[in-house]
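Work through the exercises below with the sequence and the 3D view open. Try each task before reading its solution.

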Amino acid sequence: MANILHTTTELSNGIVMPKIGFGTWQTKPGSETYASISKALKVGYRFIDTAWSYRNEENVGDAIRDSGIKRKDLFIQTKLPGEIKTYDEVLRYFEHSLKNLSVEYVDAYLIHAPWPWSNPGENCDQQNREVWRAMEQIYRSGRAKSIGISNFSVHDIHNLLQDEQLTITPMINQIQYYVGYTQSEIADYSRKHGMRIEAYSPLATGRLLDNETITSLAEKYKVTTAQIALRYCVQNEVIPLPKARSMGHIINNSELDFEIQDSDMRLLDRMTDPSEKRGWHAGDHTFYDL
Ligand SMILES: NC(=O)c1ccc[n+]([C@@H]2O[C@H](COP(=O)([O-])OP(=O)(O)OC[C@H]3O[C@@H](n4cnc5c(N)ncnc54)[C@H](OP(=O)(O)O)[C@@H]3O)[C@@H](O)[C@H]2O)c1
């Protein structure tokens with residue numbers, strides 16, 4: 001079985017994307033981010049997920065530059081803050097993300113959320129259509145090789161698809177996804193429209209790690225609970241974005257060359273959400289203005 005770090009998939013527009021990404025939420029700006037990205041690149045990760053709101057794009061960019069890895073061999077993804085809802089502001093924030101990352105283009109640019117983090121669930125239908133118009137413009141300029149969404153519900157996606165002024169279907173939907181919380185309605189709807197699903201918080205921000213069912217499967221397969229949780233995503237054709245800081249975790253999460261049997265996949269499918277709290281709550285993503 002090929003090492004997951006060397007396997008790729010294609011987005012609906014033909015862009016090639018690695019089958020595992022590396023997360024950076026809550027990795028502190030500065031030396032912590034620089035070190036974790038440097039380690040991940042050394043281990044062989046080529047897909048980095050960041051966001052304007054994480055305030056670490058600059059450190060991601062520094063680590064990428066110092067790694068000496070060719071730009072064409074990397075998949076760099078960042079996100080527009082959920083608070084930004086006007087056409088001109090989208091273009092302005094995008095420019096700043098490129099500048100922070102010191103790159104001429106990103107491989108994927110996502111809308112972080114359909115609403116501001118201070119008010120999840122707020123109806124921003126009209127604003128999201130305007131934002132998507134700007135995202136299409138960025139895509140056409142060639143400076144984002146693909147565009148997508150995150151935290152969008154079926155309603156939010158439909159809102160974009162039904163607008164006749166909008167012509168590009170998002171290529172990616174990044175959603176919270178882990179064993180016991182797989183959001184099948186959104187995942188199925190997104191797939192039906194050709195989107196690739198990325199799993200954020202694939203370890204439920206660490207809260208899956210002491211789950212009894214997963215731990216007993218880990219013993220059976222002689223792997224770690226983290227590896228079971230990540231392999232579950234991979235076998236469901238979802239791209240996990242584990243975040244880790246220690247070299248041990250970073251390596252462990254990339255060693256997924258084992259197969260979870262069908263019966264055990266079904267066991268994991270039947271699990272209910274073992275996590276008491278979702279991976280984020282209002283206020284987790286503080287908005288930083290330009
Ligand atoms: N679009 C969105 O709204 C959104 C929201 C949340 C997350 N995300 C993205 O998804 C990424 C991942 O989600 P997440 O940050 O919530 O966390 P996660 O990947 O679900 O879990 C990370 C936690 O698990 C620990 N860990 C990692 N590998 C481990 C291993 N092999 N063994 C034991 N512990 C391990 C990490 O510890 P150490 O760090 O100490 O190594 C950290 O505490 C984010 O970083 C971000 O890029 C996106």
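The model is predicted, so local features need pLDDT of at least 70 and side-chain atom pairs count only at pLDDT 80 or more, while totals for chains, interfaces and linings use all residues. Residues are numbered from 1 along each chain as its sequence is written, and side-chain values use heavy atoms, with hydrogens and water left out.

**Exercise 1.** Find the salt bridge of Asp 107 and state which parts of the chain it ties together.

Step 1. A salt bridge is a side-chain nitrogen of Lys or Arg within 4 Å of a carboxyl oxygen of Asp or Glu. By this rule there are 14 salt bridges.

Step 2. Asp 107 pairs with Arg 71, at 2.9 Å from N to O. Asp 107 sits in the loop between α3 (87-101) and β5 (108-111), and Arg 71 in the loop between α2 (57-67) and β4 (75-80), so the bridge ties together parts 36 residues apart in sequence. Helices (H or I, at least four residues) and strands (E, at least two) are DSSP runs, numbered from the N terminus.

Step 3. Both Asp 107 and Arg 71 are buried. Buried means under 20% relative accessible area, exposed over 50%, and partly exposed in between (1.4 Å probe, protein chains only).

**Exercise 2.** Describe the salt bridges of Arg 129 and Arg 266.

Step 1. Arg 129 meets Asp 163 at 3.3 Å, N to O. Arg 129 belongs to helix α4 (residues 125-140) and Asp 163 to the loop between α5 (154-161) and β7 (172-176), so this pair joins parts 34 residues apart in sequence.

Step 2. Arg 129 counts as partly exposed because its relative accessibility is 25%. Asp 163, at 14%, is buried.

Step 3. Arg 266 meets Asp 269 at 2.9 Å, N to O. These two residues are three apart in helix α10 (residues 262-269), so about one helical turn separates them. Arg 266 has a relative accessible area of 39% and is therefore partly exposed.

**Exercise 3.** Is Glu 136 buried or exposed, and what does Glu 136 touch?

Step 1. Glu 136 lies in helix α4. Its relative accessible area is 2%, so Glu 136 is buried.

Step 2. Contact means heavy atoms within 4.5 Å. Not counting residues up to four places away in sequence, Glu 136 touches Ile 147, Gln 165, Leu 166, Thr 167 and Ile 168.

Step 3. A polar atom of the Glu 136 side chain lies 2.7 Å from the backbone nitrogen of Ile 168.

**Exercise 4.** Which residues come nearest to the ligand?

Step 1. Of the 29 residues around the ligand, Asp 49, Ser 201, Thr 205, Arg 245 and His 249 come nearest.

Step 2. For Gln 174, a polar side-chain atom is 2.8 Å from a ligand nitrogen.

**Exercise 5.** How are the rings of Trp 52 and Tyr 93 arranged?

Step 1. Rings of Phe, Tyr and Trp (its six-membered ring) pair if their centres lie within 6.5 Å; planes under 30 degrees apart count as stacked, over 60 as edge-to-face and the rest as tilted. The structure holds seven aromatic pairs.

Step 2. Trp 52 and Tyr 93 are edge-to-face, at 5.0 Å centre to centre and 75° between the planes.

Terms used: A polar contact is a pair of N or O atoms within 3.5 Å; within protein, one must be able to donate a hydrogen and the other to accept it, and residues adjacent in sequence count only if both atoms are side-chain atoms. A residue is near a molecule or strand if one of its heavy atoms lies within 4 Å of it.
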